[in-house]
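Here are a few exercises to work through with the model open. Try each task yourself before you read its solution.

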Amino acid sequence: MIVTLVFHLYVQEERLNALIERQRNCERGWIHTVTFSTMVDLQFHSKNALRALDSNSTAAFNLSTVELEWDFLRLLNHLLEAESYLGLDTFNDSVLEMADTGQCIEFLNASRTAFLNGTANVSAVREGLNLIHDFATEWRENGNYPSEELLKANAELQQKCGDLIQKVETL
């Protein structure tokens with residue numbers, strides 16, 4: 001009787017572990033899908049912004065940079081989900097900084113404002129848009145997410161975008 005009860009408990013534990021594993025795989029699949037979709041959008045909208053910059057189309061540039069800002073807000077959400085999935089300490093400032101997308105959003109806002117006012121350093125704007133496009137292309141094509149590598153790559157991109165903000169506003 002005890003052997004049967006122990007065996008029954010063992011089987012129930014294995015079933016529960018299998019259910020938890022399936023749920024984790026589902027969560028991982030969801031994070032991968034939405035992150036991939038956001039990378040596609042970042043790639044597309046940054047390419048559109050570059051084209052608008054080259055053709056001096058203020059309306060298209062304005063729209064593309066606003067869309068990019070929305071893309072980065074979505075990416076922030078997906079990176080925070082990834083941090084939670086990976087079990088990282090989301091109360092740690094350095095962990096939160098890896099998910100932050102604010103520097104690229106500030107770069108895009110400064111670029112849009114300067115471009116619309118006719119005061120933009122176009123080469124700095126182009127450099128930042130190319131950084132965003134290259135980031136999105138690389139991670140769309142070769143991305144393994146959720147991963148700490150993506151979080152670290154995002155932090156590097158944010159630093160580079162932040163470094164360009166002052167250059168964008170200087171002719």
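**Exercise 1.** Are Cys104 and Cys161 buried or exposed?

Before we start: this is a predicted model, where local features need pLDDT of at least 70, side-chain atom pairs count only at pLDDT 80 or more, and totals for chains, interfaces and linings use all residues. Residues are numbered from 1 along each chain as its sequence is written, and side-chain values use heavy atoms, leaving out hydrogens and water.

*Solution.* Step one: take the cut-offs, with buried meaning under 20% relative accessible area, exposed over 50%, and partly exposed in between (1.4 Å probe, protein chains only). Step two: apply them, and both Cys104 and Cys161 come out buried.

**Exercise 2.** Work out what links Cys104 and Cys161, and which helices they sit in.

*Solution.* Start with the sulfur atoms: they are 2.5 Å apart, and the two residues form a disulfide (a pair of cysteine sulfur atoms within 2.5 Å). Helices here are DSSP runs (H or I, at least four residues), numbered from the N terminus.

**Exercise 3.** Find where Thr38 lies and what it touches.

*Solution.* First, locate Thr38 in helix 1 (residues 2-55). Then look at its cover: with 1% relative accessibility, Thr38 counts as buried. Finally, skip neighbours within four places in sequence, and Thr38 is in contact with Asp71, Arg74, Leu75 and His78 (heavy atoms within 4.5 Å).

Conventions:
Helix = DSSP H or I, 4+ residues; strand = E, 2+ residues; numbered from the N terminus.
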